[in-house]
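Here is a friendly walk through one protein model. Have the sequence and the 3D view open as you read.

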Amino acid sequence: AGVSNPDSRLQGQRVIRGPRVPASPAVSIIVLVTERTDRVQRCLDSIAATAGDGPVAERIVLANGTPPPALASLVSREDIVLVRSAVNHGFGGGCNWAVRFASGDRLVFVNDDATVTPGWLAALDRAMNDDRRIAVVGSRVLLADGRVQEAGDVIWRDGSTSHIGRGLPADEAALLTRRDVDYVSFCSAMVRREAWEEVGGFDERYFPAYYEDADLCMTARAKGWRVVCEPASVVVHDEGGSTPVPLRHFLSHRNQQVFVDKWKGTLAQFDERPARASTGAVMTSALRGTPTIDERKPAAAPHARRRPKRQRDAVDEVEALAVELRHLADDVALKEEYIAFLGAELSEYGAADVARRRYRALRRGLGRQVRRHPRLLGAVEALRARIEERTSQ
């Protein structure tokens, strides 16, 4: 029937549990949403349509800084737990926060721009039942045109990564066997609760996104757990639908360096990236097997977190505000770093290229945040003055 007055439920409520959410789920499915809610609705509908194919699961949606007007359609859903945050925690931080409200012994993370297929959850659960040493099991991910996006992923010695099987047909025989992989994308992945707590969740140094999934899988493997891709679990992904291309490239390069600094000793065991990382070269590396990682202590994350306890709907308001403040500060620092990067590009490549591509993307990407933070606005205006000065010469 839905909620007659969704706005009334948004007043002062951080966690809204729909009446049709299972009381004792075996699995907690976590989906993050930011500005847009149309994609997450398709994702949730696909999950609901396959609910009878696997273990009993609750669906938790973290509104990651989502504007309140966009939440009405989610508040009206009776089959989800809606967790609201005033700020964007990033992917890793958002998942860490959402897990606090999860009841299941197995955690499943799904991108809001993915749709699942029948049997996807049962296949993940079955793989984990088959071997208790498996900490993480990922789905085979298809592109909208039916070709493979990835069936697990390869990590190269320089810290870069490649999708296994990208561009191959969905029925490619070499990709239809469960296998250990360097890591799996958290476009769709199940994590054993015990392993999640042992590794401490996602390392939030990778704010707002990219490389946190590779890092978590590396940490799990360093502690003796297995990471596998289960091809019988299939999702379809609208790849790259959420982050502007210039910002995505900046974040990927930045977080690759964070990853290398943390794992530089371990990465020496991995294959050197070929000059052309073709699908065949990636498959060759993947079929050789994934390196064994000796347990070691990588550099600690800058923000030590308590291991999440099963709070259900309880919210420690002071802690919630402290986490939001920390991630808001991370967001401001990141944007200042991105502005400095654009300024460096201006000096190296000239104003025309930056003005045409990067600066406009920056202004679109910062949006309301620029107006909210005088420090950012000042930095952007200084960059604009530099651009105007260079273009007038």
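A search of the whole structure turns up zero disulfides, a disulfide being a pair of cysteine sulfur atoms within 2.5 Å. Take Cys43: its closest cysteine sulfur is in Cys187, 8.8 Å away, which is too far for a bond.

Cys43 is also buried, at 0% relative accessibility. Here buried means under 20% relative accessible area, exposed means over 50%, and partly exposed lies in between (1.4 Å probe, protein chains only). Cys229 is buried as well, with a relative accessible area of 2%.

## How the model was read

This is a predicted model, so local features need pLDDT of at least 70 and side-chain atom pairs count only at pLDDT 80 or more, while totals for chains, interfaces and linings use all residues. Residues are numbered from 1 along each chain as its sequence is written, and side-chain values use heavy atoms, with hydrogens and water left out.

## A bent helix

Now look at helix H8, residues 245-267. Helices (H or I, at least four residues) are DSSP runs numbered from the N terminus. The end C-alpha atoms of this 23-residue helix are only 27 Å apart, short of the 33 Å that a straight helix would reach at 1.5 Å a residue; the expected span is 1.5 Å times one less than the number of residues.

Where does H8 bend? The bend, about 55°, is at Asp261, taken as the angle between axes fitted to the seven residues ending there and the seven starting there. The buried residues of H8 include Phe250, Leu251, Arg254, Phe259, Lys262 and Trp263.

How many cavities of 30 Å³ or more does the structure hold? There are two. A cavity is a set of points on a 1 Å grid over the protein atoms alone where a 1.4 Å probe fits but cannot get out, and lining residues have an atom within 4 Å of a point.

How values were computed: On a 1 Å grid over the protein atoms alone, a cavity is a set of points where a 1.4 Å probe fits but cannot get out, and a pocket is an open set with protein on both sides within 12 Å along at least five of seven lines; lining residues have an atom within 4 Å of a point. Grid points are joined across faces, edges and corners, and a volume is the space filled by probe spheres set on the points. Helices (H or I, at least four residues) and strands (E, at least two) are DSSP runs, numbered from the N terminus.
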